[in-house]
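The following note sets out several points for a colleague who wishes to examine the model in detail. Please read it alongside the sequence and the coordinates.

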Amino acid sequence: MSKIKIIPLGGVREEGKNLYAVEVNHSIFVLDCGLVYPEEELLGIDFVIPDFSYLIDNKDRVVGIFLTHGHADAVGALPYLLDEIDVPVFGTEFTIGIASISAKARGLADRLDSFFQIDEKTEIEFEDAKVSFFRTTHTIPDSVGIVIHTDEGQIVYTGDFRFDPAASPMYRTEFGRLTDIGEEGVLALLSDSANAESSFDSISDYKVVEELTETFTNAPGRVIVASVGSNISRIQQLLEAAYRSNRIIFFSGQELYDIVDLAIELGKISIPSKRVLGQIKRLDKTPDDEVLILETGDVGEPLKAIELMALGHHRQVKIKQGDLVYIASTPSLAFETAMARIKDSVYRCGATVEEITDKVVISGHASRNDLKLMMSFLKPKYIIPVNGEYRMQHAHANVAKQLGYEDDQLIIPAVGDVIELYKGRFQITQQVESGDVLVDGIGVGDIGSVVLRDRRILSEEGIFVIVATISRRLGRVLVGPQITSRGFIYVKENIEILQMCSTMTLDILDKHLASEDFEWNELKQDLREQIGKYLYQETKRRPVVLPIIMEASSYQPEE
């Protein structure tokens, strides 16, 4: 009997940051390695990746990393894991292409020899299990699900998916393959929960093209489209709709977004006609009713670019009277406030805003009916909802109950839970070290709660800096104190507060200099507490109080 454990190290009770470790006897199979973009309260943080501690501690047991698709929630954290462990990576052509771009950017070009391309027909034999794949439908080509074949049954991970029988061949699900997998016996299904709350099925891709075409044809002036660059199917739809509506697409950046560029290079995007692509330098020479300006990027980047266009700060495009700004992606809840602000800026320019979600129901993730269909194909013994916040996982579990699944067949894990097959039944037996690692620039994991708290206070309350030079040998203050405030109070109107803080600082410095047990930490802490308390009494605000107290190395009094 095989020893089997399933450990979500990300992607549960949250949307994105997918990372699942499946242990079969001695071997660990890593499924996806994604990141998530931060909410607004994580000031200055670029993105969040999973805690790799467990995989690092067991790196000798990891046999490979298996990727389902090329979105950041599945591959974005891969370079950071490869910094820590040296293992092979498996993915489809397009997914490996995207992963290679990220690896090179991280300085891991020498590791590309360990990147292996697979397809839906690939089967890889390992000592403790076999791994195979099946095609799925998502918003990016070459998406696959993963099957781990064990002696106890198959463990299936869907990755992000939805069903669309009318999808183009590049995006079409292998329904026959799903039936075969189900007949072989599925022990556990790790299935996409991101759209489990929706009772509406997404419309087919060809209907999206029809909707886009109608919108672009009826627009009297220029159309400016914001779309996430990694949504390759949407980029293809926009190209088709531009061609049908006799518009020329102008990319607002100097270069195509990397993923779009790769998709064109690998033939994952087909250009309906060369005349549909225009050079940005000819934008002003093209009639407005023939212009479609496309802005792509990661998550909120297209929206930020639209805001720059509205404010007149974009280097290529400025929104003007009569323009239609078309949001061709679904912004996350984190961008709701930004969306309202951006729309307001666009309308101030005399333009209008439409969103694709205003007229059509569309998602790259499985609806309730899609989830039921996947369960019906695979007939798993256990269902583990993944890739979703808790309410989404719970909705997914409720869908399973409608098909007759009992509570003991449904497992809604938290990050780090160990789901272990024990006496023929899956149950949560323990937890491993897990959590979030914050990435800020080149810093990985060096930003903690204290730094984030200080950033929040600085953004809301400002900073109050006290500078002085002392001599412990002479027992007195030599220079200062000098007080500077930024983002806290208007200095010219608060001279009395600054004078009182200066007097308090001198008193505190004199007290500590007179003490036989002088301690630098105690001095600075005393200044922070006393000055901070006074400032709050006077202003009801709590700025960061930063005392900078220096000691003169030598001091010669004037004669």
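**Note on the predicted model**

1. Helix H7 comprises 13 residues and reaches 19 Å from its first C-alpha to its last, close to the 18 Å expected at 1.5 Å a residue. Helices (H or I, at least four residues) and strands (E, at least two) are DSSP runs, numbered from the N terminus. The expected span of a helix is 1.5 Å times one less than its number of residues.

2. On provenance, this is a predicted model, in which local features need pLDDT of at least 70 and side-chain atom pairs count only at pLDDT 80 or more, whereas totals for chains, interfaces and linings use all residues. Residues are numbered from 1 along each chain as its sequence is written, and side-chain values use heavy atoms, with hydrogens and water left out.

3. H7 is mostly covered, ten of its 13 residues being buried. Buried means under 20% relative accessible area, exposed over 50%, and partly exposed in between (1.4 Å probe, protein chains only). The buried residues are Ile232, Ser233, Arg234, Ile235, Gln236, Gln237, Leu238, Leu239, Ala241 and Ala242. They pack against H4, H6, strand S13 (223-228), strand S14 (248-251), H8 and strand S15 (291-297), where contact means heavy atoms within 4.5 Å. After H7 comes Asn246, with a positive phi near 60°.

4. Helix H4 (residues 93-105) also has 13 residues; its first and last C-alpha atoms are 19 Å apart, close to the 18 Å expected at 1.5 Å a residue. Its buried residues are Phe94, Thr95, Ile96, Gly97, Ile98, Ala99, Ser100 and Ala103. Their cover includes helix H2 (72-75), helix H3 (78-82), strand S6 (89-91), strand S7 (115-117), helix H7 (232-244) and helix H8 (258-265). H4 is followed by Gly107, whose phi is positive, near 80°.

5. At the level of the whole protein chain, there are 15 helices and 25 strands. Of its 559 residues, 55% count as buried. The C-alpha atoms fill a box of roughly 95 × 70 × 45 Å, taken along the principal axes. Among contacts between residues at least 6 apart in sequence, 72% join residues at least 24 apart.

6. The accessible surface of the protein chain is about 25,700 Å², with 46% belonging to carbon and sulfur atoms. Areas come from the Shrake-Rupley method with a 1.4 Å probe; for residues, only the protein chains shown count as cover.

7. The mean positions of the 57 positive and 87 negative charges of the protein chain are 4 Å apart. Lys and Arg count as positive and Asp and Glu as negative, while His and the chain ends are not counted. Each charge is placed at NZ of Lys, CZ of Arg, CG of Asp or CD of Glu.

8. The structure holds zero disulfides, a disulfide being a pair of cysteine sulfur atoms within 2.5 Å. Cys349 is buried, at 19% relative accessible area, and Cys501 is buried at 0%.

9. Two loop residues complete the note. Ser199 lies between strand S12 (186-192) and helix H6 (205-218); its relative accessible area of 42% makes it partly exposed. The C-alpha atoms of Ser199 and Arg542, 343 residues apart along the chain, are separated by 47 Å. Gly462, in the loop between helix H13 (449-461) and strand S23 (463-471), counts as buried because its relative accessibility is 2%. The C-alpha atoms of Gly462 and Arg486, 24 residues apart along the chain, are separated by 5.7 Å.
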